[in-house]
Protein chains: 2
Amino acid sequence: MEERFEISLLLDFYGCLLTDKQRDVMTIYYNEDLSLSEIAELNNTSRQAIHDTIKKCQKLLLEYEKKLQLKEKNQSLVIIKDSIIHRCSLIKDKINDNEIKAYIEDIEKDIIENL
Amino acid sequence: MEERFEISLLLDFYGCLLTDKQRDVMTIYYNEDLSLSEIAELNNTSRQAIHDTIKKCQKLLLEYEKKLQLKEKNQSLVIIKDSIIHRCSLIKDKINDNEIKAYIEDIEKDIIENL
């Protein structure tokens, strides 16, 4: 199950590098939880062909992550964002100055909306 | 010259997705500024073959950017980082509380070192 979740995440980051056909098969398999036979029927092909496509794409997605590490970098980013937001909240609890509060809220907004 | 700089930047982001050979040729051409003939001689091949490799890789790099937008996202990140650092500096100028100053310095450190 862990691998399933891992591949589904990688699909979010690198799905755009697959062909339309590959991405469709992977999305249906990982996000809509259809069986190989059901996907084969939808695509008018064999269960084995779908199995091969999924295996090939899994390998591609893992290779992209090994090279670009977008998933790993994103996980680090989430930790840093949480840490900054936590500190902003500590500062807001401690101050009364409205100008500083506004600066802190701008920082929080940038972190939440733009990072 | 702008295109040269653009491709050189894309090479930083997506060079890892090229083959070793492709990356070597592109790095020598864009970062070490050797001529096609000089690179051809180094690689024991023709000027035309090097020209074709460079054109093919330019196309690949531009396609990766169109799909993943890592360069564009990085440019946005630099602007957000600058904006947060600027606000941190305004807050530090305005406060005397050492605990808040320490929180702000932690935020600055996270932004500069980890983002």
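Me: How many residue pairs are in polar contact across the interface of chain B and chain A?
Reply: The rule finds 9, with both residues at pLDDT 80 or more. A polar contact is a pair of N or O atoms within 3.5 Å; within protein, one must be able to donate a hydrogen and the other to accept it, and residues adjacent in sequence count only if both atoms are side-chain atoms. This is a predicted model, where local features need pLDDT of at least 70, side-chain atom pairs count only at pLDDT 80 or more, and totals for chains, interfaces and linings use all residues. Residues are numbered from 1 along each chain as its sequence is written, and side-chain values use heavy atoms, with hydrogens and water left out.

Me: Which helix of chain B gives the largest share of the side that touches chain A?
Reply: Helix 5 of chain B, with 10 residues. Helix 4 (47–68), helix 5 (70–94) and helix 6 (98–114) of chain B each supply at least two residues there. Helices are DSSP runs of H or I, at least four residues, numbered from the N terminus.

Me: And salt bridges between the chains, how many?
Reply: The count between chain B and chain A is 8, taking a side-chain nitrogen of Lys or Arg within 4 Å of a carboxyl oxygen of Asp or Glu. One of them joins Asp97(A) to Lys94(B), at 3.3 Å from N to O.

Me: What about the whole structure?
Reply: Over all chains the search gives 16 salt bridges. Among them is Arg23(A) with Asp20(A), whose closest N and O atoms are 2.7 Å apart.

Me: Why are Arg23(A) and Asp20(A) about one helical turn apart?
Reply: Because they are 3 residues apart in helix 2 (residues 20–31) of chain A.

Me: Back to the interface. How much area is buried between chain B and chain A?
Reply: About 2,600 Å², with carbon and sulfur atoms giving 79%. Buried area is the accessible area (1.4 Å probe) that two parts lose on being put together, summed over both.

Me: Which residues of chain B lose the most?
Reply: Arg87(B), Lys94(B) and Tyr103(B), together 20% of what that side buries.

Me: How many residues of each chain are in contact?
Reply: 28 residues of chain B with 28 residues of chain A, contact being heavy atoms within 4.5 Å.

How values were computed:
Chains lettered and ligands numbered in written order.
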